[in-house]
Amino acid sequence: TKHFCVFGNPIAHSYSPFIHELFANQFGHALSYRRQLATEYNFASTVARLFRQNLTGANVTLPFKQQAFRLANTVTPEARDAGAVNTLVATAAHGLLGANTDGLGLLYDLKRLNVDLSGKRVLLIGAGGAARGVLRNLLDEKPEVIWLYNRSPAKAEALAAGRSRIKAVTHWQPVTGVELVINATSASLNGDLPAVPDSLLASSAVIYDMMYAATATPFIRHVQKIAEPACYDGLGMLVGQAAESYRLWWNCELPQIDPVIQQVRQQL
Ligand code: ATR
């Protein structure tokens, strides 16, 4: 049996153990995966202690992704770009390796949904950890441009600086022909909507909200009031990032994502 856990605070409602158990069933792997509550003060020492004991790997969720980045001995390029780690792997060669699988998780889900990014104009809303965590992987798919809109423009401008395919939105007028809108803000948590023009949301073919919920998220509900684009929530991304973590830990093929999404959806 290989041992894993997910660190977070709060953590009681994490679906990660369920998801990883479903993956393990696909391969016949023997896995133990549990939730681990931590605090800002004991996160680092708890990670060290549990890896000393028997952990093969761990997931890291809010609010510890930045701390996990700092304590990893080596990090992947995605994690370096994001300044955040959601996956820790005990390795012989590199000590504690920190990866960020959120971006690939999003790409796996977009692929599943037949959303092709190449040559497309994309609007990414938000410039916090969630947006930073997916930018590199989105760029790898060769979109024509990623417009980056954030409530606080300076953060979007900092992320776009020196990257020709990323443009910070300061005025909406040049932003046209957007075919994919991705909401990477936490605005929904406060019942807010990001200040993006309705016309832009209404004319996009696809809307993707990284948030997920049992019913439509506030952002998706808003879009569905004004138009009928294809709308997807972030549950597929959650399962996708887990699948990539699983692949890293077990050094196996990517687990099947689709059936697991259906099974988690039934639990929401
Ligand atoms: P995360 O790791 O989830 O991205 P974060 O780093 O705190 O968390 O970033 C949250 C993102 O959601 C930011 O882009 C934030 O905008 P600001 O940079 O202007 O704070 C955005 N956000 C949060 N609440 C919002 C709201 N009510 N309206 C619009 N954007 C919001």
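Two residues are in contact here if their C-beta atoms, placed from the backbone, lie within 7 Å. The model in these views is predicted: local features need pLDDT of at least 70, side-chain atom pairs count only at pLDDT 80 or more, and totals for chains, interfaces and linings use all residues. Residues are numbered from 1 along each chain as its sequence is written.

**View 1. Ala-99 and its contacts.** Ala-99 sits in strand 6 (residues 95-99); helices (H or I, at least four residues) and strands (E, at least two) are DSSP runs, numbered from the N terminus. Setting aside neighbours within four places in sequence, Ala-99 is in contact with Thr-76, Glu-78, Ala-79, Val-85, Thr-87, Val-89 and Leu-248. Is Ala-99 buried or exposed? Ala-99 counts as buried, because 25 C-beta neighbours lie inside 10 Å. The cut-offs are as follows: a residue is buried if 20 or more other C-beta atoms lie within 10 Å of its own, exposed if 12 or fewer, and partly exposed in between, with C-beta atoms placed from the backbone. Look for Ser-245 too: Ala-99 and Ser-245 are 146 residues apart in sequence, and 8.3 Å apart in space from C-alpha to C-alpha.

**View 2. Helix 5 against helix 10.** The axes of helix 5 (residues 102-112) and helix 10 (residues 235-250) come within 7 Å and cross at roughly 120 degrees, so helix 5 is oblique to helix 10. Axes are lines fitted to C-alpha atoms, for helices over the stretch in contact, and angles run from 0 to 180 degrees between N-to-C directions. Angles under 35 degrees count as roughly parallel, over 145 as roughly antiparallel, 65 to 115 as roughly perpendicular and the rest as oblique. Helix 5 passes helix 10 in a right-handed crossing; a crossing is right-handed if the near helix is turned clockwise from the far one by less than a right angle, and left-handed if anticlockwise. From helix 5, Asp-102, Leu-104, Gly-105, Leu-106, Tyr-108, Asp-109 and Arg-112 meet Gly-236, Met-237, Gly-240, Gln-241, Ala-243 and Glu-244 in helix 10. By class, this contact of helix 5 with helix 10 has five nonpolar, four polar and four charged residues. Here Ala, Val, Leu, Ile, Met, Phe, Trp, Tyr, Cys and Pro count as nonpolar, Asp, Glu, Lys and Arg as charged, and the others, Gly among them, as polar.

**View 3. Helix 10 with helix 11, and Gly-236.** Helix 10 and helix 11 (residues 258-267) pack at an angle of about 125 degrees, with their axes 10 Å apart, so helix 10 is oblique to helix 11. Leu-235, Gly-236 and Val-239 in helix 10 meet Val-260, Ile-261, Val-264 and Arg-265 in helix 11. Which residues does Gly-236 touch, not counting those up to four places away in sequence? Gly-236 touches Asp-109, Arg-112, Ile-257 and Ile-261. Gly-236 counts as buried, with 25 C-beta neighbours inside 10 Å.

**View 4. Helix 1 against helix 10.** Helix 1 (residues 16-27) and helix 10 pack at an angle of about 55 degrees, with their axes 10 Å apart. Ser-16, Ile-19, His-20 and Phe-23 of helix 1 make the contact with Val-239, Ala-242, Ala-243 and Tyr-246 of helix 10. The residues of this contact divide into six nonpolar, two polar and no charged.

**View 5. Helix 6 and the residue Lys-142.** Nine of the 12 residues of helix 6 (residues 129-140) are buried, so helix 6 is largely enclosed by the rest of the structure. The buried residues of helix 6 pack against helix 3 (65-71), helix 4 (77-82), helix 5, strand 7 (121-125), strand 8 (145-149) and helix 7 (153-160). Just after helix 6, Lys-142 takes a positive phi of about 60 degrees. Lys-142 is exposed, with 11 other C-beta atoms within 10 Å.

**View 6. The buried face of helix 9.** The buried residues of helix 9 (residues 218-226) are Phe-219, Ile-220 and Val-223. Seen down the axis of helix 9, these buried residues fall within an arc of 95 degrees, so they line one face of the helix; the arc is that of the directions from the helix axis to the C-beta atoms.

**View 7. Two cis peptide bonds.** The peptide bond from Asn-9 to Pro-10 is cis, with omega near 5 degrees. The peptide bond from Leu-62 to Pro-63 is cis, with omega near 0 degrees.
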